[in-house]
Amino acid sequence: MSDLKKHFEPKNFSDKIALSFTKFLRFLADTFFKKRYGHRAVVLETVAAVPGMVAGMLIHLKSLRKIEDDKGWIKTLLEEAENERMHLMTFVHIAKPTALERFIIMIAQFIFIVTYALIYIVSQRTAHRIVGYFEEEAVISYTEYLNELEAGTIPDQPAPEIAINYWNLPLHATLKDVVRVIRDDEAGHRDVNHTFANLINMNKNKEVINKNNKEKKENREEILD
Ligand SMILES: [Fe+2]
Ligand SMILES: [Fe+2]
């Protein structure tokens, strides 16, 4: 249960920006969707499948440019994008987006691709932290959805066939089971993206330490000269 409530405490300015950005978007989503969880899932999964693909592409291009290894990041990120797209393919069987929602999806994709790519180019660390926080919110939203399904306020229904095949669920699985496995996926993405942000942060700190040591060494040599 504790895994579902995991929260990364912001430690620096980059983390705080990522958290504020996430909270702002959460507020927008809560205001628009309220308790329409199926519709919320369809629209938000169209956005959720973007960062992995954008980040994967940018690292791919960087790997080509710098002729350096990606340490397995590209595959992980592209798999994340594919997994998020499967969430979308599943939820579209649960809720059909309205004409307004389809319009929002198109606008949101355009804005989000550009914004996320820019954030990624400016600060890779902030970009991964943002996804880490997005996924924390996704875990919370799917837990709320599951609570409504368990309470019966939202009627349960048979799991879509696509979900049964993709997650290898039993044939009698229901929407509740689907929401549980999807929530597990989101928790996995949360951990991966927070870890990526932590790794970048560690490298940045190392760079600062090395730079300071180098400067100190140069200063000492100047004094000795
Ligand atoms: Fe998702
Ligand atoms: Fe996600």
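A: Let's start with Arg26, which counts as buried because its relative accessibility is 12%, and the cut-off for buried is under 20%. Keep in mind that we're looking at a predicted model here.

So what does Arg26 pair up with? One partner is Glu144: the two form a salt bridge, and their closest N and O atoms are 3.7 Å apart. Now look at where each of them sits. Arg26 belongs to helix α1 and Glu144 to helix α5, so this pair ties together parts that lie 118 residues apart in sequence. Glu144 itself is partly exposed, at a relative accessible area of 29%.

Arg26 also forms a salt bridge with Asp30, and here the closest N and O atoms are 3.2 Å apart. Asp30 is partly exposed, with a relative accessible area of 31%.

Salt bridges with shared partners link Arg26, Asp30 and Glu144 with Lys23, Arg40 and Glu137 in one network. If you search the whole structure, you'll find 17 salt bridges.

While you're in helix α1, have a look at Phe21, which is also found there. Phe21 counts as partly exposed, at 24% relative accessibility. Follow the chain for 113 residues and you reach Phe134, yet the C-alpha atoms of Phe21 and Phe134 are separated by 9.3 Å.

Helix α5 (residues 124–151) packs with helix α7 (residues 175–224) at an angle of about 160°, and their axes are 8 Å apart. That makes α5 roughly antiparallel to α7, because angles over 145 degrees count that way. The crossing of α5 past α7 is left-handed. If you wonder why two values are quoted, it's because packed helices are described by both the angle and the distance between their axes.

Finally, let's go to the surface. A nonpolar patch there has about 990 Å² of accessible area altogether, and it is formed by Phe32, Leu100, Phe103, Met106, Ile107, Phe110, Ile111, Ile113, Val114 and Leu118. Which helix gives the most to this patch? It's helix α4 (residues 99–122), with 9 residues. Met106 lies in helix α4 and makes a handy contrast to where we began: Met106 is exposed, with a relative accessible area of 60%, whereas Arg26 counts as buried at 12%.

Notes: Residues are numbered from 1 along each chain as its sequence is written. Chains are lettered from A and ligands numbered from 1 in the order in which they are written. This is a predicted model: local features need pLDDT of at least 70, side-chain atom pairs count only at pLDDT 80 or more; totals for chains, interfaces and linings use all residues. Side-chain values use heavy atoms; hydrogens and water are left out. Patches are made of residues with over 30% relative accessible area and no salt bridge: like charges are joined within 9 Å, nonpolar side chains (Val, Leu, Ile, Met, Phe, Trp, Tyr) within 5 Å. Accessible areas come from the Shrake-Rupley method with a 1.4 Å probe; for residues, only the protein chains shown count as cover. A salt bridge is a side-chain nitrogen of Lys or Arg within 4 Å of a carboxyl oxygen of Asp or Glu. Helices (H or I, at least four residues) and strands (E, at least two) are DSSP runs, numbered from the N terminus. Buried means under 20% relative accessible area, exposed over 50%, partly exposed in between (1.4 Å probe, protein chains only). Axes are lines fitted to C-alpha atoms, for helices over the stretch in contact, and angles run from 0 to 180 degrees between N-to-C directions. Angles under 35 degrees count as roughly parallel, over 145 as roughly antiparallel, 65 to 115 as roughly perpendicular and the rest as oblique. A crossing is left-handed if the near helix is turned anticlockwise from the far one by less than a right angle, and right-handed if clockwise.
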